[in-house]
Amino acid sequence: MLIFLNATIFLFGENMNKAAIIAKNLVKSYGKEKAVNGVDFSIPKSVCYGFLGPNGAGKSTLMKMIYGASRRDDNSGGAMKVFGYDPHLNSLAIKFISGVVPQDNNLDEDLNVEQNLKIFSRFFNIPTPLAEEKIDELLRFMELGEKKKSKIKQLSGGMKRRLIIARALLNDPDLLILDEPTTGLDPQVRQLIWEKLRMLKRKGMTILLTTHYMEEAFQICDSVLIMNKGEKIMEGNPKLLVSKHIEPYVMEVYAREHYERLNNAALSSCRIDDSTDVIRIYCSNHGQLTMLGDELNPGEFLLRQSNLEDLFLKSTGSTLNARQ
Ligand code: ADP
């Protein structure tokens with residue numbers, strides 16, 4: 001009871017008007033397993049916020065809790081407000097103010113592009129002439145204008161994804177929720193989707209997405225919540241997180257025998273991570289790593305700037321793309 005009261009006071013505090021979503025101590029269990037385990041976050045309006053973590057981290061479950069498709073545990077004392085609504089009590093209101101891009105391409109294969117959008121517009125009671133106008137506008141925006149009469153089977157994976165984003169925008173949502181929007185897509189389509197999401201954010205939309213691509217988080221997220229095994233590892237601006245928590249440079253050495261040839265004295269001020277097949281040598285001094293590189297042959301190593309993947313490895317001991 002006390003936990004619940006604390007959470008309620010937290011939620012109705014002065015931050016509520018500025019925040020798109022406030023969540024406190026979210027827990028979701030499947031049997032004995034906790035898919036989400038005590039996660040807190042606060043997301044301001046008009047930002048792009050990413051849930052980042054490997055497969056099985058709990059990202060999709062968390063997103064589903066936000067739009068009411070998955071119910072948080074009642075007995076955990078958790079609480080959440082999405083644009084002022086509790087998904088437990090007002091999931092319909094949340095549906096009307098949000099657009100959802102689920103992980104799977106759940107389009108109706110028997111209908112063409114335009115028909116898929118028309119059917120959806122009826123869920124929102126959009127009058128037909130307005131829906132037709134909106135459909136044309138959104139197909140142009142997602143660069144699918146020429147595909148209006150195409151069958152779903154004739155679309156590439158990237159086109160289907162863009163169509164689902166167009167569908168999620170039919171009701172002019174305040175909140176756009178995307179579950180792995182670019183997984184499996186080629187780099188050009190990924191760039192195109194990132195550009196469209198940036199444009200929507202500039203118009204004031206709040207965007208939530210899940211991803212296991214650190215590059216995606218770096219490119220479009222103002223803030224990320226990094227998850228592992230249902231728990232929050234850290235939260236913040238992706239660039240600041242990297243600069244604050246990890247050495248700026250890393251040398252990746254591709255085999256242990258190459259690593260063993262390196263001069264031990266030069267390694268003494270570096271942090272070594274040998275938990276994966278690739279041995280990583282982290283250092284604040286770029287010159288020191290260059291000198292170490294001189295001891296190896298080209299192709300045996302890569303010298304680069306540190307990134308979110310390195311931060312994740314440091315925090316959890318595994319890589320973002322490792323399956324749990
Ligand atoms: P992510 O999106 O980060 O890949 P998920 O939220 O899909 O992770 O899953 C988190 C954990 O919850 C996983 O262990 C997954 O197997 C489990 N899980 C997700 N959905 C269900 C479900 N409907 N029933 C049982 N377990 C589930």
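This is a predicted model: local features need pLDDT of at least 70, side-chain atom pairs count only at pLDDT 80 or more; totals for chains, interfaces and linings use all residues.

Student: OK, and is F120 buried or partly exposed?

Tutor: F120 is partly exposed, because its relative accessible area is 22% and buried means under 20%.

Student: Which residue lies over the face of F141?

Tutor: That's K196, at 5.1 Å from the ring centre of F141.

Student: Switching topic: how many aromatic pairs does a search of the whole structure find?

Tutor: Six aromatic pairs turn up in that search. Take Y49 and F51: their ring centres are 5.4 Å apart and their planes sit at 70°, so this pair is edge-to-face.

Student: Why edge-to-face for Y49 and F51?

Tutor: Because the angle between the planes is 70°, and anything over 60 degrees counts as edge-to-face.

Student: Are Y49 and F51 buried or exposed?

Tutor: Y49 is buried, with a relative accessible area of 1%. F51 is buried too, at 0% relative accessibility.

Student: Back to F120. What kind of pair do F120 and F124 form?

Tutor: A tilted one, with 6.2 Å from centre to centre and 55° between the planes. F124 has a relative accessible area of 18%, so F124 counts as buried.

Student: Which residues do ring pairs link into a cluster?

Tutor: The cluster is made up of F96, F120, F123 and F124. So F120, the ring that R167 lies over, is partly exposed at 22%.

Notes. Residues are numbered from 1 along each chain as its sequence is written. Side-chain values use heavy atoms; hydrogens and water are left out. Rings of Phe, Tyr and Trp (its six-membered ring) pair if their centres lie within 6.5 Å; planes under 30 degrees apart count as stacked, over 60 as edge-to-face and the rest as tilted. Buried means under 20% relative accessible area, exposed over 50%, partly exposed in between (1.4 Å probe, protein chains only). A charge sits over a ring if NZ of Lys or CZ of Arg is within 6 Å of the ring centre and within 35 degrees of the ring normal.
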